[in-house]
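Visitor: Hi, I'm new to this one. Could you put it on screen so I can ask a few things?
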Amino acid sequence: MLPKDDSCAAVEDRAEGDPQHPLILERVEKKPEKKWHTVVLDRVKKHCSCTPEKVKSKILGFVPILQWLPHYKLRDWILGDLMSGIIVAILLVPQSIAYSLLASQDPIYGIYTSFFSSVIYAILGSSRHISVGIFGVLCLLVGQVVDRELALAGYLPESSIGINNSDTLLAGQGNGSNVECDRSCYAITVGATVSFTAGIYQVLMGLLQVGFVSVYLSDSLLSGFATGASLTILTSQIKYLLGLKIPRPQGWFTMFKTWYGVFTNLATTNICDLITSLVCLAVLIPAKELNELFKSKLKAPIPFELFVVIIATLASHFGHFSSEYGSGVAGDIPTGFLPPQLPAWKLIPNVAVDAFSIAIVGFAITVSLSEMFAKKHGYTVDANQEMYAIGFCNILPSFFRCFTTSAALTKTLVKESTGCQTQMSGLITAVILLLVLLVIAPLFYSLQKRIPFQTSFEVGNSGLHTLRCVLAVIIVVNLRGALGKFRDIPQMWRVNRIDASIWLITMATSALVNTELGLLVGVLTSAFFVLGRTQQAQVTELGRTATREHYENVSSYRGLQTHSGVAVFRYGAPIYYANQSLFKKSLYKCADLNPVKEKAMRLKFKKNKKQQEETGKIPKVKSEDNLSKENEVEASASITMMLDEKSSINIRSLVIDCSGILFLDTAGINALKEVRKDYRELGVEVVLAQCNTSVLDSLERGGYYDSKKDGEVGKNNMTFFTIADAVSYAQSINVPNGDYDNKS
């Protein structure tokens, strides 16, 4: 048996032999702190040392596919991965085309983005289940940046393209861009540059090991942000459902600006687009409800969106919409891959701030979904590795004209529910998207949204909006999940009003003011509520149970007993600069004895008493003023004597349960010193109990236990690990009341 075990046994025997003996614990000696240069050298040696095992571990950690692919269980997993990969790919094709609208890009670039992100995340991602690709909120944020840069470069809004028969850069305007680059070319250049910059941010955050920041983005915050952004997305698609030619507004309060533009241009509604939108909504909304209703019976959701796209394409082709109804078609959708190109370096300063908020949103969504599904299926994910994975999903595809991606909840749920086991399903999705890019894309000839520069706009303008209304319907229908959160508001309010308030504030700011600002306001609101909880903490009086040495709040439980002359209180929050005055105020109120006011009243009474003694006999005739002053003095004396009598009878010692105090700063230590000093001058002893080691160390460093200042050696060094020991000690001491009166 180790020596410390013998000492512990001796202490236990002594405690059992003497029930009044307080619990004694011996602190483990701390190791001497290393000097800063020693710590730096140790870290450098740890991270810079190179051994074969460490190299292997780093490579496997950075490329997770090398870990799970050699151990892939082909017979057990391939069927589920194959099914989920095919289903997700079928859903991705129409959604990639539709969500390209939000990012102000041509549909082909949405398919490019989904393909590259699926491949890269399958190689670098640590989650087995999430689906990385186009996400509506990020597409909206990218589209806002793209439209702003197009306007700054001098390109006409899409609603004005048909008037001037040109979508090239206006002469003499722009930022030095090549005039041969048309509007679509410049739009994807901006989108790719934003994606590249956001990816750089994410990789840098991974290198700096700041993956922990995801814990500061609560579920209520992210849900409110997504719902607010969904309202903005819904508003942005109204013009396409009605076939209106309205440019996307920029800046703050875009929702109000958009609805104002819709109502002022309502008379120009395209009836063909409106009818098409209503028909597609009438088909897709019930179809989605059927998928949800029979989700448990269906092995995979029925891809109604793809059916709508195919039917719209066939109707446009065989119905001769171009010649009969003046609906233009796009022409050929390019097959294969365009050659890689570098981002526009000159644009990076313009989009750097926007890219940072996009990087944060993309990372937060990806990590949240990764951790949620990892917890559900019993494995772990590395937040920093997720940062690397999503960062490279943005950096590498940006060279191939792709825009920003992240995990998407809807497709992830579909992927998991259809039997996904590993990211092999992501590779299967990528193979199917590759076939679409190389073979099937030309079949969507009649559905392509962009009219090429050579097309005559006199014929093609209506066809452009006919297609967009179909894609807008797909976008709107896919917002059902996020918008359905409004039904949960009463339940959220009943469960936790603070989380519900965070959700409402974040949602309202994101939807009504500005999408990026909504995320910032949500973070600040969450921090404000956390601080507010420490401000609202109150001191509570504790009582002892009848059968055990256990203390609880007397206002919450019946049958608790209090001790005569000893009051026990608990404070359930850290004591720091922001709430130290509130702590003292709450303690004085709960104890029903404010030492500061008591001392002031005693001073006033002593002063008046001394003046009376010096003046001798009090004159019989007094003025009204003197009479009122005398009454005031007598009242003060009476109140003071009542308080003094109460304190001398009811409160001779005060025990503070510090189990809920997580930490103290300098202001908190000083507050405890002031409380002890003020009460001691009234003859009330203050005792601390159940302090954690952090609080004990802070008190020791702050000089709370320095007995020389009080002139009572050893009296301040009493440390109690249970409330019962502190109460026993407080009952044993006999401090004469009114110590302040005995001082000269």
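Visitor: Is threonine 540 buried, partly exposed or exposed?

Guide: Threonine 540 is partly exposed, because its relative accessible area is 23% (buried means under 20%, exposed over 50%, partly exposed in between, with a 1.4 Å probe and protein chains only). Keep in mind that this is a predicted model, where local features need pLDDT of at least 70 and side-chain atom pairs count only at pLDDT 80 or more, while totals for chains, interfaces and linings use all residues. Residues are numbered from 1 along each chain as its sequence is written, and side-chain values use heavy atoms, leaving out hydrogens and water.

Visitor: OK, and where is threonine 540?

Guide: Look in strand E3, residues 539–544 (strands are DSSP runs of E, at least two residues, and helices are runs of H or I, at least four, numbered from the N terminus).

Visitor: What does threonine 540 touch?

Guide: Leaving aside residues up to four places away in sequence, threonine 540 touches Asn553, Val568, Phe569, Arg570 and Cys590 (contact means heavy atoms within 4.5 Å). Its C-alpha atom is also 9.8 Å from that of isoleucine 656, 116 residues apart along the chain.

Visitor: Switching topic: is threonine 227 buried or exposed?

Guide: Threonine 227 is buried, with a relative accessible area of 0%. Threonine 227 belongs to helix H10, residues 219–242.

Visitor: And which residues does threonine 227 touch?

Guide: Not counting residues up to four places away in sequence, the contacts of threonine 227 are Ala482, Leu483, Lys485, Phe486, Trp503 and Met507.

Visitor: Last one: where is leucine 298?

Guide: Leucine 298 lies in the loop between H12 and H13. With 32% relative accessibility, leucine 298 counts as partly exposed.
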